[in-house]
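Thanks for coming. Please look at the model as I go.

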Amino acid sequence: MRARSLQDLGPLRGHLVEQQRLAAEREAARREARRRAEAERNLFANAAGPVVPLRQPPRVRLAPELPAPIPVQQQLDDQRVLQESLSDEFDATTLLDVDDAMSFRRPGVGMDVTRRLRKGEWSLQRELDLHGMRREDAREALSAFIRDAHRQGLRCLRVVHGKGLGSPGRVPVLKSKVQAWLIQKQEVLAFVQARADEGGAGALVVLLKPLA
């Protein structure tokens with residue numbers, strides 16, 4: 001079961017709880033079966049009285065079958081993916097600075113950060129080109145790119161979304177989507193439109209938070 005938005009969190013949690021309940025019921029059924037088998041063996045022994053076992057060749061004792069483990073790690077991974085999922089319905093326009101570059105900075109981050117970012121005071125350390133990607137593929141690629149870069153301690157990235165010259169109506173479809181997706185990534189501290197020599201209106205320069 002895969003969650004595609006934060007609204008799916010409730011059903012996913014319900015699904016995980018249902019899995020745990022079914023596993024508990026299977027374990028209870030196994031225990032009841034063993035109890036009944038033990039009771040039947042004791043009933044026969046009491047009715048038959050003392051017996052002498054027949055000579056038999058040595059046998060290998062097999063370990064009893066263990067109940068299927070609950071995939072806790074998989075459940076945790078599913079929850080992490082849900083938390084990192086990016087919504088296409090997120091409205092980023094009210095969070096962007098109203099300027100020619102439509103830049104973004106998190107609350108508490110001074111305007112000097114975006115100003116320094118425009119001047120190139122942070123060296124670009126990695127780039128992601130989303131040209132030609134479908135929206136779903138671009139969203140997943142961007143999410144993985146930001147997550148991996150932050151884990152490696154990188155600070156300054158460039159994301160190329162294109163100018164939309166080949167799109168219907170020459171509208172940059174990915175540009176607004178990329179801005180909204182970046183704002184939803186908690187690793188992102190700020191971003192600005194790239195300088196002309198770095199892609200101009202077709203790219204963003206992104207500043208990530210430092211590792212804690």
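A salt bridge here is a side-chain nitrogen of Lys or Arg within 4 Å of a carboxyl oxygen of Asp or Glu. By that rule, Glu-18, Arg-21 and Glu-25 are joined in a network of salt bridges. The structure has 12 salt bridges.

Before I go on, some ground rules. This is a predicted model, where local features need pLDDT of at least 70 and side-chain atom pairs count only at pLDDT 80 or more, while totals for chains, interfaces and linings use all residues. Residues are numbered from 1 along each chain as its sequence is written, and side-chain values use heavy atoms, with hydrogens and water left out.

Now take Glu-127 and Arg-158, whose side chains form a salt bridge at 2.2 Å, N to O. This pair links distant parts of the chain, with Glu-127 in strand β2 (residues 126–129) and Arg-158 in strand β3, 31 residues apart. Strands are DSSP runs of E, at least two residues, and helices are runs of H or I, at least four, both numbered from the N terminus.

Is Arg-158 buried or exposed? Arg-158 is buried, at 17% relative accessibility, whereas Glu-127 is partly exposed at 39%. Buried means under 20% relative accessible area, exposed over 50%, and partly exposed in between, using a 1.4 Å probe and protein chains only.

Last, the packing. A nonpolar core is a set of buried Ala, Val, Leu, Ile, Met, Phe, Trp, Tyr and Cys residues joined through side-chain atoms within 4.5 Å. The largest one has 21 residues, and Leu-142 and Phe-191 are among those touching the most other members.
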